[in-house]
Every structure is written in C-alpha cells, then in structure tokens.
Amino acid sequence: MTENAFFLDQHGCAKNQVDGELLIGILRGLGWVKTDVPEDASLIIVNSCGFIESAKTESLDAVMTARAAYPKAKVLLAGCLAERYAEDFRDTLPEADAFFGNGDLSRLPEVISALFPNTPKKAAETERPVLVPAQKGVCGGLRPELLSFPRSAYVKITEGCDNRCSFCAIPLIRGALRSRSIDDIVSECKALIARGVWELNLIGQDLAAFGCGVGEGSPVPDSAQESSINNHVARVPKSPLSRLLSAISALPGDFRVRLLYIHPDHFPRDILPVMTADSRFLPYFDIPFQSGDSGLLSLMNRRGSADLYRALVADIRAAFARAKSPYGTVALRTTILVGFPGETDESFETTARFLADIRSMWSGSFTWSCEEGTPAAAMKKRVTKKAAQKRLDTLKEIQIRITPEELAIFVGKPIEVLVEELIQEPAQPAKGDAEGAGDHGDAGLDGGVAIPASRLALGRAWFQAPEVDGSVVLQYEDNQKDISGRPIAPGSVVSAVVMAINGVDVEAVAR
C-alpha cells in the first residue's frame with residue numbers, strides 16, 4: 001500500500017464518468033496519486049450507479065469486494081448510490097468507510113480530511129463521514145485525466161432532470177434540471193480541442209432541455225429572435241440548444257461533435273439546420289422513445305405518441321437528405337423499456353412494430369425496475385419477470401436483424417475511423433508465397449512477392465457512439481499513416497473503406 005495513492009472503481013453512465021474525472025482532478029490537487037493497481041491504494045473510491053436494481057447491486061458488490069480484498073485501504077462510496085442512500089448505508093453498509101454524494105464534488109476534500117486526519121484518532125472516536133451536499137449547479141473543474149479512449153471526451157452541459165418520467169429515479173438522485181452557460185461549455189470544448197480531443201460527446205440527462213431549467217447557468221433568450229411588436233410578426237426564439245451548437249460551430253479546427261440523449265417530447269428541430277450546415281456535427285441521434293404504445297407512454301408520463309415519434313424520425317432524416325449530407329444517412333439509437341406496469345401482450349406488440357418501423361440503427365432495451373419513490377412503484381398490473389424477459393429477447397431479435405441491414409449502406413464507402421486500440425496480428429502470406437514468407441517483407445521462395453505485414457485495430461466510425469454500439473475492425477499495413485501523416489496508434493483518425501458487415505461490427509481497410 002502506498003500513502004496518498006487512490007484507485008477509482010468507475011461505474012454507471014457517461015455523466016458519472018465525468019464526475020469520476022472531476023474527482024481525479026480534485027484528488028491530484030490535494031497531492032494524491034492515481035494508481036491502476038488497487039493493492040497499492042490507501043483509498044479506493046467506488047463511483048457508483050443508482051439508476052436501476054442491477055446497477056445498484058453491481059456497485060454494492062464492488063464495495064464488498066474492495067473491503068474483502070483490501071482490508072487496510074479506506075473504501076469511499078461515491079456517486080449516485082451514495083447520493084440516494086447514504087444515510088441508510090451508514091447503518092447497513094459497514095464495508096464502506098465513508099459516503100459522498102454528487103451534488104457538489106468540490107467538497108470532496110472534507111471527506112478526505114475526515115478519512116485521513118492529521119492526528120490519529122482512537123477507534124471509539126472514529127466516525128464514518130457522510131456528506132451529501134445539495135444538488136446545485138453543474139459541477140465543473142479540472143479533468144487532468146479523461147477516462148475515455150484517446151481523443152474522445154464527454155462534455156456535460158446539464159445536470160438533473162425535470163421530465164419526471166414515472167419510472168425514472170434520476171430526479172430523485174440528481175435533482176432538478178440545471179444548465180451550464182454557453183460560454184462555459186464553449187470554453188471547455190475549446191480547451192479539449194487544444195488538448196487534442198477530436199470527438200466531443202455532449203451529454204446530459206436530456207440535451208433537449210438545455211437552458212430550460214432553473215439556476216445561474218440557464219441561458220437567456222436570443223432577443224434578435226423574439227416576437228417583433230413593430231411589424232406584428234411573431235418569431236419563434238431559437239432554442240438554447242440551437243444557440244449552443246451555433247456557438248460550438250464557430251470554433252475553428254478539425255473535430256467532431258456527437259449529441260447523446262435527446263428526449264423526444266421536446267426535441268428542438270431548430271438544431272437540424274445548424275447540424276446540416278456544419279459537417280463536424282455527426283448525424284447521430286440518441287432518442288429514448290421507451291415505448292411505441294401511446295397508452296403506455298401516457299402511463300410513463302410522456303406527452304408524445306407513437307405517431308409523433310415516427311414523424312420526428314422522418315423529419316430528422318428528411319433534413320439531412322435535403323441538405324445532401326456527406327454522411328449519406330442518419331444514425332438513430334433508441335431505448336425501449338419493457339415490463340412496465342400495465343404493459344399487455346397487445347401493447348408490447350405495438351411497441352415491437354414501432355421499433356421495426358423506425359429502423360433504428362441501434363437500440364438498447366431493459367426491463368422495468370421498481371424504484372422506490374417513483375410513481376410507477378405504486379402502479380398495479382405488474383408484468384411477470386418471465387414475460388418481461390421474453391419481451392426483452394424479442395426486441396433484441398428485432399434489432400439484431402435491423403442493424404446489419406442498416407449498416408450495409410456503408411459497404412464500399414469511405415469512413416473516418418477513430419482508433420481505440422491496436423491488435424497486433426500479422427497478415428497472411430500473399431498468394432503464391434511459400435509458407436512463412438513475407439513476414440519481414442522478403443520475397444517468397446517461389447518468386448512471389450510478399451505483401452507488407454498488416455495489423456488490426458479496433459475503433460469507431462461516426463455512426464458508433466462510445467461504449468454502446470458496435471466497432472470497426474480496421475486492417476492496416478505497418479507503413480500506413482493516419483490522416484495527419486503520423487503512424488497509426490490509439491487516438492489516430494484513419495481514412496478507410498468499409499469492406500463487410502459482421503453482425504453489429506464493421507470491417508474496414510485503411511486507405
């Protein structure tokens with residue numbers, strides 16, 4: 001064990017990852033050193049998820065494992081699970097030495113001081129610190145280490161949520177919606193680009209609600225777009241998200257922007273002209289429809305309907321088609337919830353047809369988790385676990401059929417690949433080579449000429465978001481370079497041609 005060394009056990013979503021990166025920055029400012037070897041750590045932080053039951057169990061198991069494996073280390077439970085249950089865990093989770101919520105990460109030093117006091121305390125005097133600051137603003141600060149793959153970063157633009165979907169505990173954990181200012185976000189994007197980040201992934205509980213919550217970070221309306229009294233012509237103000245994207249578009253440089261998680265009930269269509277006018281905005285849309293049955297949507301406290309959602313998808317695709325987008329298509333990802341109280345065989349079939357109709361390139365499905373404090377927890381007409389699992393399997397089968405068909409459009413087309421990791425694998429000898437010839441570029445014994453040694457890498461194209469979608473399996477030769485003329489390495493952007501589709505993955509060759 002090394003004094004002032006910490007190990008971060010990261011769980012949960014991209015928003016929680018940003019929190020983890022901020023925790024790293026705070027601890028480094030206190031003189032701590034991050035280690036990737038938990039045995040060396042005097043502090044183990046479990047940055048937990050508390051969204052659904054399976055995620056909560058995973059985080060709790062991590063605490064139990066850390067305590068059993070590293071009995072001399074201090075174990076800090078941070079993140080959403082601590083935010084939601086810290087007071088309960090004080091009595092029921094002795095394996096954790098302290099609990100720290102995510103409302104104000106800047107107060108982490110208080111917990112560290114309590115865990116590692118300058119003056120040793122007697123066992124009877126030692127208390128397990130519990131600190132759950134109020135949910136205010138959007139936490140920011142230095143992120144000296146990004147936990148994403150090289151040259152990719154998440155940029156959190158909002159915190160909390162006001163949608164109040166009846167199944168969702170996020171407002172109970174993260175609080176009401178708050179937004180950062182446009183200037184603050186643009187400054188962070190500019191700084192990340194200067195650090196070499198190529199892919200900026202904008203995240204929040206709901207990007208569509210950016211600027212609409214309460215708090216000091218909510219942008220003011222664009223006065224130039226407000227209603228004109230003089231000419232009696234009513235003009236609709238630009239949405240805050242549209243104004244943010246316009247500000248990011250004004251930044252110079254070669255980078256890409258991806259928008260993750262936009263609630264369909266208030267999708268701001270005025271972002272589409274901004275995105276189609278600047279090819280650095282990727283036509284990738286993560287829109288969690290949750291259901292295709294209007295009755296269930298109402299029970300979920302959603303204001304939309306299946307028909308409105310179909311129209312939204314059509315509008316997005318039409319906007320990029322009219323603009324003759326160089327990407328050639330739109331990548332749509334959605335999320336579907338099954339087993340929600342009141343879901344019948346008929347309503348599920350309606351949802352299954354909806355998923356087949358919208359032909360999302362990607363989708364994730366999950367079964368309903370009864371979360372205390374949410375309206376759905378009191379609802380009757382529960383669906384059995386067996387029925388919910390069967391419906392989940394059906395949706396997965398539908399998506400497994402659709403994804404390769406949607407990806408097929410890219411075969412023979414050029415793409416940019418952001419390399420995430422290299423896989424060292426020599427190429428097969430060229431046809432006509434003797435066995436083993438060509439490994440070092442020598443001519444074959446029978447006169448055949450060997451091809452240069454080739455390698456494989458894993459990466460992503462524009463239609464694949466980090467962590468959740470398929471990958472690009474990239475073949476390249478030792479002497480090939482990326483688009484900047486440098487040797488291919490993690491973080492390289494490589495020009496390639498798609499050769500084949502293999503399930504949810506794409507096979508490509510560097511050119």
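1. A residue counts as exposed when its relative accessible area is over 50%, as buried when that area is under 20%, and as partly exposed in between. These cut-offs apply to the points below, which concern a predicted model.

2. Lys324 has a relative accessibility of 71%, and because the cut-off for exposed is over 50%, Lys324 is classed as exposed. Its place is in the loop between helix H10 and strand S13, the latter spanning 331-338. The backbone at Lys324 also deserves a remark: phi is positive, at about 50°, although the residue is not a glycine.

3. Asn301 likewise calls for comment on its backbone, with a positive phi near 65° in a residue other than glycine. Asn301 lies in the loop that joins helix H9 (294-299) to helix H10 (306-322). Its relative accessible area is 42%; this value falls between the limits of 20% and 50%, and Asn301 is therefore partly exposed.

4. On the overall fold, the protein chain contains 12 helices and 19 strands. Of the contacts between residues at least 6 apart in sequence, 74% link residues that are at least 24 apart.

5. As to burial and surface, the protein chain has 511 residues, of which 53% are buried.

Methods
Residues are numbered from 1 along each chain as its sequence is written. This is a predicted model: local features need pLDDT of at least 70, side-chain atom pairs count only at pLDDT 80 or more; totals for chains, interfaces and linings use all residues. Side-chain values use heavy atoms; hydrogens and water are left out. Helices (H or I, at least four residues) and strands (E, at least two) are DSSP runs, numbered from the N terminus. Buried means under 20% relative accessible area, exposed over 50%, partly exposed in between (1.4 Å probe, protein chains only). Contact means heavy atoms within 4.5 Å.
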